[in-house]
Amino acid sequence: MDVTALAQSVTHGDRRALARAITLVESAREDHRTQARTLVAEGAKVGRQALRIGLSGTPGVGKSTFIEAFGCLLTAQGLRVAVLAVDPSSARSGGSILGDKTRMERLSREPLAFIRPSPSQTHLGGVARRTREAVALCEAAGFDVVLIETVGVGQSETMVAEMCDLFLLLLAPAGGDELQGVKRGIMEMADLILVNKADGDLKPAALRTQADYAGALRLLRRRPQDPDGFPKALTVSALELQGLQAAWAEMQVLADWRRAQGHWASRRADQARHWFEEEVRHGLLASLTRDPVKGLMQRLGAEVGQGARTPDDAAAELLTLLGR
């Protein structure tokens with residue numbers, strides 16, 4: 001594969017080239033990983049930056065419906081929108097449905113939109129391991145906004161916050177009370193909390209939930225990267241297209257303030273350091289699956305399984321042999 005030619009096609013906005021590039025960076029083959037690093041480095045030379053928006057929420061809260069409605073709102077304003085949807089992989093078969101693009105039928109027909117579903121595989125945190133590199137490729141391709149949809153997560157899965165500029169949390173009506181709102185974890189990572197499905201019979205419940213979370217957010221410790229009034233809780237209806245423009249306006253206010261105050265650049269620098277450390281950790285863990293360490297792991301594991309060694313003792317011996 002001519003990586004340089006592929007990188008040039010991506011930077012010229014070729015959607016098929018972008019799809020091939022994302023497939024390359026998602027590959028685990030060692031030769032593909034070398035090409036992928038070159039590809040991402042070539043794309044970074046263009047120096048383009050998009051607004052990265054992470055979006056999380058429990059399964060069934062309406063993330064795909066919201067993204068389609070919100071994406072169409074942005075494309076109607078002339079913005080190029082890329083959607084990276086992460087689909088959960090089966091713990092039994094390893095397969096994924098990858099049905100998010102099917103759900104976003106209207107957005108998938110938009111010429112200014114690009115939708116790419118990817119399997120989470122064994123990676124925890126709500127995103128795929130190479131989603132960060134896919135985001136970088138979408139930026140190089142000239143997209144103005146990159147939406148990152150997680151698999152549908154719980155309180156502790158906040159990995160998407162380490163690869164986006166704004167983090168949105170979608171909630172369902174009657175999804176908790178004030179105490180739920182002050183719980184640590186994903187709640188304190190959110191920049192905007194959007195109570196979806198605020199329509200029909202659910203609208204009163206959505207307004208109560210929004211009020212509960214708005215009160216709870218005032219009890220959380222103030223973050224230096226937030227202006228007065230943020231984070232906020234709002235109601236939206238992706239079905240009736242209500243509240244989407246107001247939510248987009250709040251995102252722009254927050255993004256502009258962070259750029260002006262220097263938080264935007266410092267946050268991206270912190271994220272780059274975070275992913276450097278993550279790559280080192282993954283590399284060290286991968287070394288345990290290769291000989292001679294793999295054989296040593298199997299021998300010590302067999303001794304632990306037979307009761308001849310305790311797990312702590314066997315682990316201490318292995319780490320000593322590895323020079324840690």
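Student: What makes the pairing of Arg-109 with Glu-105 a salt bridge?

Tutor: In this predicted model, the closest N and O atoms of Arg-109 and Glu-105 are 3.4 Å apart, and the criterion asks for a side-chain nitrogen of Lys or Arg within 4 Å of a carboxyl oxygen of Asp or Glu. The value of 3.4 Å lies within that limit, and therefore the pair is called a salt bridge. Side chains of opposite charge can pair when their charged atoms come close.

Student: Why is Arg-109 called exposed rather than buried?

Tutor: Arg-109 has a relative accessibility of 57%, and since exposed means over 50%, the residue counts as exposed.

Student: How do you know that Asp-191 and Arg-223 form a salt bridge?

Tutor: The closest N and O atoms of Asp-191 and Arg-223 are 2.8 Å apart, which is within the 4 Å limit, so this pair also qualifies as a salt bridge.

Student: Where in the chain do Asp-191 and Arg-223 lie?

Tutor: Asp-191 is in the loop between helix H9 (186-189) and strand S6 (192-195), whereas Arg-223 is in the loop between helix H10 (203-217) and strand S7 (232-235). The two residues are 32 residues apart, and their pairing links distant parts of the chain.

Student: Are Asp-191 and Arg-223 buried or exposed?

Tutor: Asp-191 has a relative accessibility of 5% and Arg-223 a relative accessible area of 15%. Buried means under 20%, and therefore Asp-191 counts as buried, as does Arg-223.

Student: What makes Arg-309 and Glu-317 a salt bridge, and what is the accessibility class of Glu-317?

Tutor: The closest N and O atoms of Arg-309 and Glu-317 are 2.3 Å apart, so the pair meets the 4 Å criterion. Glu-317 has 26% relative accessibility, which lies between the cut-offs of 20% and 50%, and the residue is therefore partly exposed.

Student: Which residues are linked in a network of salt bridges?

Tutor: Arg-33, Arg-130, Arg-132, Glu-133 and Glu-279 are linked in such a network, and a search of the whole structure finds 27 salt bridges.

Student: Which residues lie closest to the centre of the second largest pocket?

Tutor: The second largest pocket holds about 430 Å³ of space. Of the 21 residues that line this pocket, Arg-52, Arg-132, Ala-136, Glu-139 and Ala-272 are the closest to its centre. Helix H3 (30-44), helix H7 (131-140) and helix H12 (263-287) are the elements that each give two or more residues to the lining, which by class has nine nonpolar, four polar and eight charged residues.

Student: What makes the largest nonpolar core, and which residues have the most contacts inside it?

Tutor: A nonpolar core is called by that name because its members are buried residues of nonpolar kinds joined through side-chain atoms within 4.5 Å. The largest one has 43 residues, and those with the most contacts inside it are Leu-18, Ile-22, Leu-39, Leu-137, Cys-138, Val-146 and Ile-193. Helix H2 (residues 15-26) gives the most to this core, with six residues. A second, separate core of 35 residues includes Ala-69, Val-81, Leu-192 and Leu-194.

Student: With which residues is Leu-137 in contact, leaving aside its neighbours within four places in sequence?

Tutor: With those neighbours left aside, Leu-137 is in contact with Val-10, Leu-18, Ala-21, Ile-22, Val-25, Leu-39 and Val-40.

Key. Residues are numbered from 1 along each chain as its sequence is written. This is a predicted model: local features need pLDDT of at least 70, side-chain atom pairs count only at pLDDT 80 or more; totals for chains, interfaces and linings use all residues. Side-chain values use heavy atoms; hydrogens and water are left out. Buried means under 20% relative accessible area, exposed over 50%, partly exposed in between (1.4 Å probe, protein chains only). Helices (H or I, at least four residues) and strands (E, at least two) are DSSP runs, numbered from the N terminus. Contact means heavy atoms within 4.5 Å. On a 1 Å grid over the protein atoms alone, a cavity is a set of points where a 1.4 Å probe fits but cannot get out, and a pocket is an open set with protein on both sides within 12 Å along at least five of seven lines; lining residues have an atom within 4 Å of a point. Grid points are joined across faces, edges and corners, and a volume is the space filled by probe spheres set on the points. Ala, Val, Leu, Ile, Met, Phe, Trp, Tyr, Cys and Pro count as nonpolar, Asp, Glu, Lys and Arg as charged, and the others, Gly among them, as polar.
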